Amino acid sequence: MKYDLLKIMDDLGIEYQYVEHEPITDYEVAKAVDEKYNLEGTESKNLFLKDKKGIYYVFVTEEGVRFNRAFLKEVTGEKLSITSPEELEEKTGYVVGCATNFGYDQDVVYVVDAGIFEHDSLICSAGSPTQSMVMKTEDLKKIYSTLSNQIIYVQAPRIIE
């Protein structure tokens, strides 16, 4: 189910910068969009994952941090794999490259890389390849504090791609 991320932030009184732009297909295009629209912050990276029991997870981190299957198994106790594009869209309403930092059903477990909070702001997908938003990482913590989802904070290994 796709959530209205901007409404969530508005309801919590969170300030953000929102832009609509040409489709982002990779981090190179994202950098060009960031420059064109003066978006300042660290690019976020969100991977939608699933374990063998059918439990969904979203790994929230930053651009360049690799999917470390062994680390995530150690953290969750489960072997996780990236969902198919079809399953991602069916479960969340998002397409590949547009998984968000928040806005998931209550049964989705968040695995949040605490390293993102070392940055002032994140540049995030707003749920579409043509929508981006910039938000303060402190505000993301505020959003997480309102969720009933299980949230696991981790310090992901900084093996940069």
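1. Second largest pocket. In this predicted model, the second largest pocket holds about 180 Å³ of space. Its lining consists of Y3, I8, F102, G103, Y104, Q106, Y110, T146, L147, S148 and N149. Sorted by class, that lining has six nonpolar and five polar residues.

2. Largest pocket. The largest pocket contains about 610 Å³ of space. Its lining counts 26 residues. Closest to the centre are Y27, N46, V96, G97 and C98. By class, the lining of the largest pocket splits into 14 nonpolar, nine polar and three charged residues.

3. Elements around the largest pocket. Which element gives the largest share of the lining? Strand β2 does, with six residues. β2 covers residues 42–51. At least two lining residues each also come from α2 (27–36), α4 (85–92), β6 (121–128) and β7 (131–136).

4. N101. Look next at the loop between α4 and β5 (109–113), where N101 is found. Is N101 buried or exposed? Its relative accessibility is 0%, so N101 counts as buried. The cut-off for buried is under 20% relative accessible area.

5. Contacts of N101. The side chain of N101 makes a polar contact with the side chain of N46, at 3.4 Å. N46 is also among the residues closest to the centre of the largest pocket. Beyond four places in sequence, N101 is in contact with S44, N46, V60, Y110, L122, C124, L140 and Y144. One of these, Y110, lines the second largest pocket.

6. Pairing of β6 and β7. These two strands pair in the antiparallel sense over six bridges. S121 has K136 in β7 as its bridge partner. β6 and β7 form a hairpin, with two residues between them. Both strands supply at least two residues to the lining of the largest pocket.

7. Pairing of β1 and β7. Strand β1 spans residues 16–20. β1 pairs with β7 in the antiparallel sense, over five bridges. Here Y16 has M135 in β7 as its bridge partner.

Conventions
Residues are numbered from 1 along each chain as its sequence is written. This is a predicted model: local features need pLDDT of at least 70, side-chain atom pairs count only at pLDDT 80 or more; totals for chains, interfaces and linings use all residues. Side-chain values use heavy atoms; hydrogens and water are left out. On a 1 Å grid over the protein atoms alone, a cavity is a set of points where a 1.4 Å probe fits but cannot get out, and a pocket is an open set with protein on both sides within 12 Å along at least five of seven lines; lining residues have an atom within 4 Å of a point. Grid points are joined across faces, edges and corners, and a volume is the space filled by probe spheres set on the points. Helices (H or I, at least four residues) and strands (E, at least two) are DSSP runs, numbered from the N terminus. Ala, Val, Leu, Ile, Met, Phe, Trp, Tyr, Cys and Pro count as nonpolar, Asp, Glu, Lys and Arg as charged, and the others, Gly among them, as polar. Buried means under 20% relative accessible area, exposed over 50%, partly exposed in between (1.4 Å probe, protein chains only). A polar contact is a pair of N or O atoms within 3.5 Å; within protein, one must be able to donate a hydrogen and the other to accept it, and residues adjacent in sequence count only if both atoms are side-chain atoms. Contact means heavy atoms within 4.5 Å. Two strands pair if DSSP finds at least two bridges between them.
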